[in-house]
Amino acid sequence: MRTSFTLNGKSVTFDLDPSMRVRDMLYKAGCASVRDSDDAEGFTGSDVIIFNGQVRSSNLMLCFQLEGADVRTAESLRKGKALNDVQEAMIKAGVVQSAYNSPAVALILTHLLEKKPDATRADVRDALSSVFIRDAGYEHFYLAVKLVQEKRRTGRYETPVSPSFCENLDYIGKPMDKVDGYALVSGERVFTEDKAKDGAYTLKVLRSPYAMAYIKSIDTAEAEKIEGVEAVITYRNCPDVYYMQAGQGNPEPSPYDRRLLNQKVRHVGDRVAAIVAKDEETALRAMSLIKVEYEPLEPVFTVEQAMADGAPLVHNGKVSYVAGAPVNLDEYNRTADERDGQVIYQFPLHGDIRHNIAAGAHGGIGDVEKAFRESDAVVEATYQTSQVQCTPLEPHVCYSYMENGRLVLHSSTQVPYHVRRIVAKVCQVPENKVHVIKEKVGGGYGSKQDILVEDLCGYATWLTGKPVYYRNTRQEEFIANSTRHPMRLTVKMSGNKDGKITGIYMDVRANTGPYGNHCLTVPMNASSKTLPLFKVENMYYDLTTYYTNIPPTGAYQGYGAPKGYFAIMSAMDELAHKLGIDSLEMAKKNVVDEGYMLEILKGLGEGREGTVVPVGSCGVKEALEQGARMIDWGVREKSDDPDWEIGKGFAMIQQGSGLPGLDQSNAQCKLLPDGSFVLLSGGADLGTGLDTISAKIVCEIMKVNPSLVSVVSGDTDSCLFDTGAYASSGTYFSGNASLNAVRDLKSKMLAEAALQMEESEDDLELEAPGFVVSKKTGKRLSYEKLSHDALAGDGRGAIIGTGSFATGNSAIPYGAHFAQVAVNKVTGEVKVQKFYALQDAGTPINPELALCQMYGAAQKSIGHTLYEDMVLDKDGRCISADFTDYGVPMVGETPDDFKAVLIDVNDQYGPFGAKSISEIATNGAAPAIANAIYDAVGARVRSWPITPEKILRALGKI
Amino acid sequence: MREIFKAENLRQAYDLRLKGAVYFAGGSEILRNGGSVAADTPVVDVSGQLSHEIRKEGNSLVIGAAVTFQELYENPLSPSWLRKAAHLMASRALRNQATVGGNIALLRDDSYLIPSLLAAGATLTVFSDGGQKNVSLEDYVKKGGCSCLILSITVPSDVKVCLRRFARSSSSHSALNIAASQERVCACVRASGIATSLDELERLEYKDDITGSAEYKRYLALEEAGRLMKEVKA
């Protein structure tokens, strides 16, 4: 159908399928800013356009509606190379992070300000009602609009976007445009999906309808006969290679308990067959012709079901150990069923699959039983956390092809080097045959720490030689992806009337679902990131992780810490109430100080003995005190509606900065012939600003402006190894590697300059805007000449700095989150009126980005606490597998008064004193809100999500 | 590939509906993933046949079926309760697309508008076999809708309606959407049905679903019915 309309101000005519969705047409027509995050659910706003002057979801329109229409996409915002003022302000405000829908938001706000230049906060809130922001929260979008209005009025920005840190430095601790902000906000083709070329084959996965079953037979003959079907991969013809999908340091503390496809399916949505075909239609047709006969098995979904005597076994295969096998292994394997495959532990994790136990751990200090016996009060309660989804706006996606006999993968990943290792393992080739290119990541939050699609996509290419494109549907994101492990945590805590906590015991029972990704490490964090916050002499934890048949679990921002904090800070609040003590005073009395020896760490290593270290830089008390002042702690607020009561709560929190003793990062920095710089970082920037950190480090040390620095990261061919962006490692590990590389480069530049200038190295220093200067003689040598002469025919060669970072030292971020809620006693409704997140992130290198990450993470946790829930039916099918049913928080759920505050603390080990920022921000909301609800109406709800119904039950209304 | 028909007149639209096509006005439900219409169902575009106008007629307000939620929200003729009901749809982009007629025709048990319009005693002008006719919204709901095409909605200008929506978050499905006027209480209860009176609300067979248990919904519905009746009389 010939269709004429106006696209971004120009008349266009296309031959269009009238039933094609407008989103798909626009993307194919070159408007890459028009993304799809929800498969046409009309929820996330990544697909927003302006249609005849109105904001519309292009996925909810068909091409026949375009005739004569006026359509604008975000491509219209940039004039030539110049961003418009809204796009510029969004970068300034720090909201362009993973940025999958940043262009769409820029379009919406531009449209708003065209119609209403003096738009109020309420107008902005209404405009943002169509977009789901998971990474940066909504607060700084208001700021961006304010900046635009200021600049239009006065010619300059007046409101600071963040505080600045480190007065003596030029770039570190100061707001600066994110190095990839321009590309992201303008909608450049920087995501994996943009790299897939026409003609790429489609990969589709036939998924299990059963929560647990053996595949009795599978007939793919009819599917394979279809023209255009290149391969059908099943458990029968896939590589006989066991591995696991968690992107962790090798050897991993997770069992190898799966192949690409298995004879036993272990959750609804598990892989049954993979079809490689010339296009989606052919793949789906082939999929419909695959005949599968299942032998359904009784599933288990909860920890209680999994631990019951005689429970059905999720894994009943042969167990082996790479190291540390128990002596009775042959006997243990006597009852193994071949159809279950194998479980290979790299080293013992206290697993016992014949009892559905994937891993276990325990440890502690002192004598908790004695403490409980001798204390004035003891509380014991069990807390339950639910299964929640990362919901990145960009789903898991991979594009793979062969080039010069090597397998190339473009991937949206947090762990390019683990992708390389695992894909090489699956394809049974050495790592030099695999090249992984991390593209911009449109949201990760941990789920892209796991290699969930690259294994299959990469193998499909290796098998067929064809370029293959794979992208999860949104439903697949929910049912076949990494989620937070549901946990049952029992905390027993004792204390005395003086407010001193005398003993803490945590019994953590975690549900890892069908496979053991992170089955030790995530649950361990429930204890390992909570107990070291307490100056308590008697502490002990037991951890058991169970296999079940729920959708898969894995890494999620914060790992197990948000769950551990929900339990331990709720329990502390319960103890304080029992003792009649103010819980804030109890916190201050029992929280660690700088220099306190963390004996508890001995038993908290991830599968190994941990190292006892003293508490380093620590701003937790300042966070507690400042937060208390901000929220008027101790003052009872009065509601003007008798049905609503107001309460306050808080949580003190900590996390880590990477995994000392396990992680390693590497970087290189090159001086180019003209005196500019390229830094090659192994680190994987997820949109959080890691590349900007590396660039700032170069600028700071080399004394050059950012236009002379480029950063390339996450490319396994051109960059050096990095364990990846997880466990809050980016700033501390990858940042320190960049710092070491730049320092190394500086040292080499000075050495070369000394020879060229015939000066002593000791007399030389670097000077802006790019000179080596002699303090003794005043001689100056430009970087350009320095490099040129080094690279000349008689030169001494390229000047390259290399840096590595591995450490046993911890840079622990601390903080406190405070909440004020209003609770309706009649309906159980909860409104978060105030939420204050105060964090000691050391010296925040990108302070405006840090603030946005705090908002985003806190909002995410508010979602987990109050709204989000993966609900399974009795057969294990997820019945909340879209955004609307699942219930992510939107702008309507933001607290009325929401503040993020950076506590100024300088760390001795972090680069320029920096610590991590983002994961810790997920730890406070659940306990702070739960405690505030109790404070308001006396309802103690100990399970996520804290719904109005649960509150009504706690109040005895139903 | 979905078949698309563009209606030249109401009769043609209606005839196509009888042959299995569905009316397409805003399209937000038909095209929505997870919506109630199968992806290959033919559609008949009626957007050109329906009014986008809101006008006063005597003591009544007449709302064209193609009026969008946002238009209803912004129009100065809309009474405050109707503006509030329209704004229950949280997303501005969806409000720009979803039509009043479409929302009624869907008869969703989490409908944004039906409880308030029922409470207000709204009537519908519809087109069917016999041409145009007026039916009460209550009858339309009780019959479970029909193949007819909704042309407009008429509500008394002077009616007072109080309403509340209960959902876990602003953009998730509501467990209960309830409204009351001096005359009646009406509600949409998710997974349970639409009640056009307090009596029906009390007798409704409440069911569990992801928005809450039957017990919770029943408690909330009856509690709120009482509160809204007091509020509307205040």
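The model is a predicted one, in which local features need pLDDT of at least 70 and side-chain atom pairs count only at pLDDT 80 or more, whereas totals for chains, interfaces and linings use all residues. Residues are numbered from 1 along each chain as its sequence is written, and chains are lettered from A in the order in which they are written.

Within α22 (residues 783–790) of chain A, the buried residues are Tyr783(A), Leu786(A), Ser787(A) and Ala790(A). These residues lie on the same side of α22(A), because they cover an arc of only 90 degrees around the axis, the arc being that of the directions from the helix axis to the C-beta atoms. A residue is buried if 20 or more other C-beta atoms, placed from the backbone, lie within 10 Å of its own.

The contact between the chains takes 42 residues from chain A and 31 residues from chain B, two residues being in contact if their C-beta atoms, placed from the backbone, lie within 7 Å. On the side of chain B that touches chain A, α4 (92–95) and α9 (214–233) of chain B each supply at least two residues, and the largest share, five residues, comes from α9(B).

In chain A, the C-alpha centres of domain 3 and domain 4, whose bounds come from an automatic or database domain assignment, lie 34 Å apart.

Technical notes. A residue is buried if 20 or more other C-beta atoms lie within 10 Å of its own, exposed if 12 or fewer, and partly exposed in between; C-beta atoms are placed from the backbone. Helices (H or I, at least four residues) and strands (E, at least two) are DSSP runs, numbered from the N terminus.
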